[in-house]
Amino acid sequence: MAYSISPAVFGSMFAVPSQVVDNFIKLASASQLKTMLWIFRHASEEIDPEKISGEIGYKPADVSDALVALCEWGILMNDGKTVAVIPQPEKAEEKVEQKKELPELAVVKPTYEQVVQRCKESPEIANMFTDIQQILGKTIGYDGQCILLMIHDQYGLPFEVIYMLVNYCVSVGKSGFAYISKVGKDWGEKEIDTIEKADEQIKNLNTCSGAWKQFATMAGIQNPRPTSVQSAFLYTWTVEMKFNVEMIYMAYEEMLNHSSKISFAYMNKILTNWYSKGIKTPEDIERDKQEYRKAKSRDAKPKQDEQTSYDMDEFNRRANMLPVYKKGE
C-alpha cells in the first residue's frame, strides 16, 4: 500500500527545523515529541507547562522533564542561553545508545472506537489481544487493550516482545495490567525490542528471582517475592556486578553488624565498595580485612614508639633524683 500526504492538511502550516527532525526523531520520547510540536505550533506564545499538559494529555511533570531535555538538546533556551548545541547526526546516534527514560503511560487513553479502528487496520493488533487473553486465561477488556496498545505505540515494543513480556509476568504470578505496564516501561527504557534481547532480559530476571529465594532462605526472610526496590538492588548485584548469593548474604551479615534493621541500601553500599575494590569471593574479603589490620597497625606503631621513648626519659629523670648514700652515713 502506498501512502501520500493529504492535500487538505496544507491549509495551515508551521515550521519545524529539519535538523530537529533529523537529529532527534529517534531520541525523543512521546511526551518530548508532543511537547516539541506544541511549542513550534505556538512559537509566539509563552511556554507554560500547565497549558501544554492540558493540550497534549501528559502530566505537568512529564512536560517539565521534556522541556529540560529540549534545553539540553539546544532546541530551547533557558534565560537566553542554550544548555547544549544541537549535535550533528553522528553525535545524536551516540545519545540513542544511552538508556532512555520513558514517562508513565498517558492518563488519556485511546477511545473504544480508536481501538476498534486499529484492530481493523492491523490484524496483528487484533491477534495480539486474542493471544494474550489466552495467555492470561481471562478476557482483557477495553482497559487491558489500551495498555497493550500503548505499550506497543509509546514504548516501542514489538508484538512478539509483548508476548514474551506477558508470559514472564504470568510466570512470576503477576498478571495484573499495572505490573505489565511497569515491566513494559522498564523494557522500553532498556530498548528490549527484539526476541533475543527479551530472552536475555528474562534470563536475568529469573536469575534475580532465584537469588532472592536462596538469600531469603539464608536470611530467614519470609516474603516469597522481593519488593520492586529490592528487585532493583538484586538486579544490580547479580546481573551488573555479578555477585553470587553467598557474597550478597555476607553483605547482609556485615550490614547487621551496623544496623538493627534490614537495609538493602546499606547492603548496596557494602557491595558497591567490594565491587570497586575487585572483591569477588569470601577469600578476597578476608584478604582485604587483613590488609586493613596491617595498615592500621603500621599507623599505630609510631605512637607506641613515642610513648616508649617518653616513659624511658621519665624513668631516667626519676632515677637521677634518688638520694645517694655513702658508707658510714
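Q: What is the mean pLDDT of the chain, and how do I read it?
A: pLDDT is the predictor's confidence in each residue, from 0 to 100. Here the chain has a mean pLDDT of 81, and 77% of its residues reach 70 or more. This is a predicted model, where local features need pLDDT of at least 70 and side-chain atom pairs count only at pLDDT 80 or more, while totals for chains, interfaces and linings use all residues. Residues are numbered from 1 along each chain as its sequence is written, and side-chain values use heavy atoms, with hydrogens and water left out.

Q: Which elements have the lowest and the highest mean pLDDT?
A: Where pLDDT is low, the predicted coordinates should not be read in detail. In this chain, helix H5 (residues 89-96) has the lowest mean among the elements, 38. H9 has the highest, 95. Over residues 81-97 pLDDT stays under 50. The model has 30 contacts for that stretch beyond four places in sequence; contact means heavy atoms within 4.5 Å.

Q: How many helices and strands does the chain have?
A: Elements are DSSP runs, numbered from the N terminus: helices are H or I with at least four residues, strands are E with at least two. The chain comes to 15 helices and 2 strands.

Q: What share of the contacts joins residues 24 or more positions apart?
A: Take the contacts with a separation of 6 or more. Residues 24 or more positions apart account for 62% of them.

Q: How much of the chain is buried?
A: Buried means under 20% relative accessible area, exposed over 50%, and partly exposed in between, with a 1.4 Å probe and protein chains only. Of the 329 residues in the chain, 35% are buried.

Q: Which residues have the most contacts inside the largest nonpolar core?
A: In soluble globular proteins, nonpolar side chains tend to be buried together. A nonpolar core is a set of buried Ala, Val, Leu, Ile, Met, Phe, Trp, Tyr and Cys residues joined through side-chain atoms within 4.5 Å. The largest one here has 60 residues, and Leu148, Trp187, Phe215, Trp237 and Trp274 have the most contacts inside it. Two or more residues come from each of helix H7 (123-136), helix H8 (141-154), helix H9 (159-171), H10, H11, H12, helix H13 (245-256) and helix H14 (264-277). H11 gives the most, with 9 residues. A second, separate core has 18 residues, including Met36, Ile56, Leu67 and Ile75.

Q: What does tryptophan 237 touch?
A: Leave aside its neighbours within four places in sequence. Tryptophan 237 is then in contact with Lys242, Phe243, Ile248, Phe264, Met267, Asn268 and Leu271.

Q: Why does tryptophan 212 count as buried?
A: Tryptophan 212 is found in helix H11. It counts as buried because its relative accessibility is 1%. Beyond four places in sequence, its contacts are Ile221, Asn223, Pro224, Arg225, Pro226, Gln230, Leu234 and Phe264. Tryptophan 212 and serine 231 are 19 residues apart in sequence and 8.4 Å apart in space, C-alpha to C-alpha.

Q: Is threonine 35 buried or exposed?
A: Threonine 35 is found in helix H2 (residues 30-41). At 0% relative accessibility, threonine 35 counts as buried. Not counting residues up to four places away in sequence, threonine 35 touches Ile52, Ile56, Val63, Ala66, Leu67 and Leu70.

Q: Where is isoleucine 192 found?
A: Isoleucine 192 is in the loop between helix H10 (177-189) and helix H11 (195-219). Its relative accessibility is 4%, so isoleucine 192 counts as buried. Residues up to four places away in sequence aside, isoleucine 192 touches Leu157, Val161, Trp187, Lys197, Ala198 and Gln201. Isoleucine 192 and leucine 157 are 35 residues apart in sequence and 7.3 Å apart in space, C-alpha to C-alpha.

Q: What is the phi of glutamate 191, and what is that of lysine 242?
A: Most residues other than glycine have a negative phi, and most peptide bonds are trans. Glutamate 191 has a positive phi, near 55°. Its place is in the loop between H10 and H11. At 23% relative accessibility, glutamate 191 counts as partly exposed. Lysine 242 also has a positive value, near 65°. Lysine 242 lies in the loop between H12 and H13, and at 63% relative accessibility it counts as exposed.
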